[in-house]
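User: I'm new to reading protein models. Could you walk me through how to read a sheet, a buried residue and a ligand shell?

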Amino acid sequence: MTLHTGRHFLQIPGPTNVPDEVLRALSAPTLDHRGPEFAALTRRLLAALGPVFGTSGPVVVLPSSGTGAWEAALVNTLSPGDRVLFFETGHFAALWTAMAERLGLDVEIVPGDWRHGADPEALAARLADDGAAGGGHAIKAVCAVHNETSTGVTSRVPELRAALDATGHPALLLVDTISSLGSIDYRHDAWGVDVTVAGSQKGLMLPPGLGFNAVSEKALAASRTAALPRSYWDWAPILEANRQGAFPYTPATNLLYGLDVALRMLADEGLPAVFARHARHARATRAAVRAWGLEVLCADEREHSGSLTAVLMPPGHDADKVREVILERFDMSLGAGLGRLAGRVFRVGHLGHFNDLTLAGTLAGVQMGLQLAGVPIAAGGLEAALAVLREEGGNA
Ligand SMILES: *Cc1c(COP(=O)(O)O)cnc(C)c1O
């Protein structure tokens, strides 16, 4: 094992680097979760979460990974045998789809190539066939991953909503924002989303361990008749206890201290600036990839992710070998290719607690790693990224 000095570069697209202020908050003594101090914290957090999701409705906080928040979204709104529509956009979409199957839902998949987002035109066509004359609104929910972390492709959620509206289809819209919330523009209310699923360890700059569901009026109404079995994930007792600043079980107290600080940091920077920062770092990263003569996996200019970039390897070169060299020599972790992309892509996370020089260091490590692994690249990738960072203003 090589001895490394300085900080590890954690440039996977989640978990992300946790700011020192958040780490310090996490280490505060654990409070009585039934006491007045904790109730005040809960109320403050629930109020501060709304703007991050773009909602004035309730946000349910769960002591879980993002996967638990997926399950909560499904079991609170659907009944056994309900038809649900998923898009084949990548590894995380596939995992959520498999969960829906295991829960006894009737899953239908809109095919995709893992280089594009959820297709609004395909959705409109499918919904048109599911009108009163066709299946009679058999589809109960449309489920999409906003930012597919396995591919670096961001789906156009407002266009999915428009497809539902254009056909007057009553299906619920459930959206996974686990790797986009707090990084890429997202608006639960304005985009007419019914359940937004999120997690703590990506754009929210916390360690793993908190899941979230932002819930629309329509989703709340659906939860009153939804018949999938649920207990721990049931929204009703959580929302009830939240009114008193409490939870129906012991919450993840210390993670909530961290959330308090992370939400303040996002508010201080301002969400529009946060989104612009991520988009700019993503542009600089793409400039590097293209100057190296490599290909970005995302195939639609409208759908590039602000939070990560997936880079395709030239034929005959193994992405995992490049990641291994970079970890060993430069102490930097990059994201692996997942599922069918294993070995074919590596993923550069540029989200969360991140600035221009973090990106410069990251791309310097990637460039040297590619060269050391014998991948043929053109010179000037890092310079191309630095030019974007230099020309487009400060470290905003
Ligand atoms: C990370 C991630 C998940 C999984 O979250 P866990 O916390 O690992 O359960 C799901 N969807 C997306 C888009 C993700 O990025």
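Analyst: Let's start with pairing: two strands pair if DSSP finds at least two bridges between them. Keep in mind that this is a predicted model. Here S2 and S10 pair in the antiparallel sense, with four bridges.

User: What is the order of the strands in the open sheet?

Analyst: Seven strands line up as S2-S10-S9-S8-S5-S3-S4, and the pairing is mixed. At the edges you'll find S2 (59-62) and S4 (106-110), each with a single partner strand, so one side of each has no neighbour in the sheet. On average, neighbouring strands are turned by 20 degrees against each other, direction ignored.

User: Which helix packs on the sheet?

Analyst: That's H3 (residues 66-77), which touches S2, S5, S8, S9 and S10. The direction of H3 makes about 160 degrees with that of S9.

User: Okay, now a single residue. Why does Leu204 count as buried?

Analyst: The idea is to count neighbours: a residue is buried if 20 or more other C-beta atoms lie within 10 Å of its own. Leu204 has 28 of them, so it counts as buried. You'll find Leu204 in the loop between S9 (195-199) and S10 (211-215). Beyond its neighbours within four places in sequence, Leu204 is in contact with Leu181, Gly182 and Ala262.

User: And which residues surround the ligand?

Analyst: Among them are Gly14, Ser65, Phe92, Asp176 and Pro208. Sorted by class, the shell has four nonpolar, seven polar and one charged residues.

Conventions. Residues numbered from 1 in each chain as written. Predicted model: local features only at pLDDT ≥ 70, side-chain atom pairs only at ≥ 80, totals over all residues. Near = placed C-beta within 6 Å. Nonpolar A, V, L, I, M, F, W, Y, C, P; charged D, E, K, R; others polar. Helix = DSSP H or I, 4+ residues; strand = E, 2+ residues; numbered from the N terminus. Buried ≥ 20, exposed ≤ 12 C-beta atoms within 10 Å, placed from the backbone. Contact = placed C-beta atoms within 7 Å. Axes fitted to C-alpha atoms, helices over the stretch in contact; angles between N-to-C directions.
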